[in-house]
Each structure stands twice: as C-alpha cells, then as structure tokens.
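I opened a new page for this structure.

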Amino acid sequence: MEEKAILELVRIEFPAGVRETANSLGDEVAVIEKGALLQIAAFLRDGPGKFDMLLDLTCVDYAREDPRFEMVYHFFSLSRNQRIRIKTRLGEGDLRISSLTSLWKNADWLEREVYDLFGIHFEGHPDLRRLFMYDGFEGHPLRKDYPLRRRQPLIRLKE
Amino acid sequence: MTETQKKRPPAGQFITTQFNSLLGWARKFSLFHYPFVTACCGMEYMSAACAHFDIDRFGAGWTRFSPRQSDMLLVVGTITQKEAPVLRTVYDQMTEPKWVIAFGTCAVSGGIYDNYAVVQGIDQIIPVDIYIPGCPPRPETVLDGLLKLQEKIQHQDQDWRWKKKRS
C-alpha cells in the first residue's frame, strides 16, 4: 500500500469525521471530529491499515484556545512499520470522549492517567479512577490553571 | 593510701563517661543500613556500597532489607507525597538507636521537582542527621557523609536500656 493511501482511505470512509489531514515530519496526521473517534480507531485497527498497536494516548492543554483540550493518539502498524497520529479537540464544556479500552487493552491505564492529570472523562471505561495521584487529591495537576505552588500532602508535614 | 589512688575520680562518673564513648565507638562501626532507594541516586548508592568504593571499610557494609534489623536509614532519591506515609512507617519500624541520611538533592530539598507531587525535603516527614547534596552525589561525597555521621555518633550522648532517664 502506498504511503499516502491510508489517509485517503480514512477520508473516503469517514467524509464527515475527518477535519483535516497532514504529513508532519514523515508521520501521517489526521485531525478528526470527537464523535467519530471510536469508528475511525476501529477502522484503523481492522481495516487495510492494520494499525494493531496503540503506542500512546495523551492530552494537551491549550489554556487560551477554544476548544481547550486536544487528545492525541498514536497508532503503529507492526506488519507495515508505519505510524499514524490522530488528534481531536475537546471543549471545556464537554469533557467526555469515548474510551478505546474495547479495542486496545492498554488504553485502560493510559486513559486513567489522562483522567487523573487532565480530568477528561472516558465513556465506556471499565474502571475510571486516578492512576498516579492518591484518593482525596483535588483538581488535575497538569492543567495549566492548576496553581504552581499548590501542595496537597497525604500526611501532615513539618514546616 | 598511695598518691595515685587518691587522684582517681569517683568510680561511677569514670565508668559513665568511658562507657558512653565505648558505646559510641561500637555503634559507629556497626551501622546496618536500610536503603530506601526510589530513584536514580540508587546507582550511586550501589557503586558506593559495592567493591569499588566499599562502604564496608567504615563498618557500614551490612545491608539489611528489614527496617527492624537496621539502624541507619539511607533515603536515596525523590520522595513523592504518595510515598511519604511509607517512609514514615519504615522510619517508625526501625529500632532505637537510629540515624537517617538524606542522600542526594531530591531527598534533601526536593531538588528540581518543585511541584505538586514531590515532598520538598524528607525532613518534613522524619528527622534527618546528615544531608548529602549532589545530583547524584559522588561516592566520595557519600563516604564523607558517612564519616561525618560516625563522628556525630561518637560524640553524641548515648542512650542505653538501663540508663536513668533524666526527666
């Protein structure tokens, strides 16, 4: 399959779901609509692209932009040695996005991490709890509006 | 009664001061250490503890992985807020007498991690005897810190079981 083809295929398959496509430093990038994520991910995994591995899943907080958050997914095809990056934006008003745990098992902890540090809610996640921070921790520390000096010690500290 | 016998100090006082320094001497050369290794400083701890730099020359070679059998706690690396209760428990489980070394900048002050997750110096959780700076400290620095701790142990007021409590 040609290098260009996979983005074209996604475009043809989901004409309403794909907002724009690009090639960034040799990697395929597609910016998609939030609602189409699960279908596009399933198509990438089971379709001709054979992107059978979820490399990483993370979030970026563009504090001054609207919509504010951007989810970034990296997929890798083991058989074709190719990567693809999927991005989608989330506004502050609606922080829900569908979970990828039904397609990839490793999305479980990755999504828990993003939930812990950014406060994104993954719908369909089997066990959405904090991963790094402890119970009783307030707020989401990697958000740009989390106060830099705010400390929430777990036990009482000496001054 | 001869002249030398007259000059001798009273028996009790003589024995007390000498016993104090004997205990200090015994304790400073028989430090069993518990390595609480959490981060990259552990590499330097390993090189300091193993044959190249050989911490055993100073009588602190015995690593015990039970806090109940050790009397020197080496806090090696970054301590997060989530880990703080664990460190406190380990310290509480150690039997007296016990000493604590803060190994590396993170344990001393939090280091570069001035953020929501990291305790800004382990002296906010447990008492610390010796601070060893460095990111990570060279093994020579570690040995220097160990010698300073031994000096401290030698000169401090020793506590033992049948000693009368002052208060």
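**Strands of chain A**

I began with strand β2 (residues 27-32) of chain A, which pairs with strand β5 (residues 82-90) of chain A in the parallel sense over 4 bridges. I looked up A:Val31 and found that its bridge partner in β5(A) is A:Lys87. The model is a predicted one.

I then followed the sheet in chain A. It is open and has 5 strands, in the order β1-β2-β5-β4-β3, with mixed pairing. I noted β1 (18-24) and β3 (53-61) of chain A at the edges; each has a single partner strand, so one side of each has no neighbour in the sheet. From one strand to the next, the twist averages 20°.

**A helix across the sheet**

I next checked helix α2 (residues 37-46) of chain A. The helix lies across β2, β4 (69-77) and β5 of chain A, and runs at about 175° to β5(A).

**Two helices of chain B**

I turned to helix α3 (residues 41-49) and helix α6 (residues 139-155) of chain B, whose axes come within 9 Å and cross at roughly 70°. That angle makes α3(B) roughly perpendicular to α6(B). I recorded the crossing of α3(B) and α6(B) as right-handed. On the α3(B) side the contact is made by B:Glu44, B:Ser47 and B:Ala48, and on the α6(B) side by B:Pro139, B:Val142 and B:Leu143. I sorted the residues of this contact into 4 nonpolar, 1 polar and 1 charged.

**Between the chains**

How many residues of chain A are in contact with chain B? I have 9 residues of chain A in contact with 8 residues of chain B. The side of chain A that touches chain B divides into 6 nonpolar, no polar and 3 charged residues.

How values were computed: Residues numbered from 1 in each chain as written. Chains lettered and ligands numbered in written order. Predicted model: local features only at pLDDT ≥ 70, side-chain atom pairs only at ≥ 80, totals over all residues. Axes fitted to C-alpha atoms, helices over the stretch in contact; angles between N-to-C directions. Parallel < 35°, antiparallel > 145°, perpendicular 65-115°, else oblique. Left-handed = near helix turned anticlockwise from the far one by under 90°. Contact = placed C-beta atoms within 7 Å. Nonpolar A, V, L, I, M, F, W, Y, C, P; charged D, E, K, R; others polar. Pairing = 2+ DSSP bridges.
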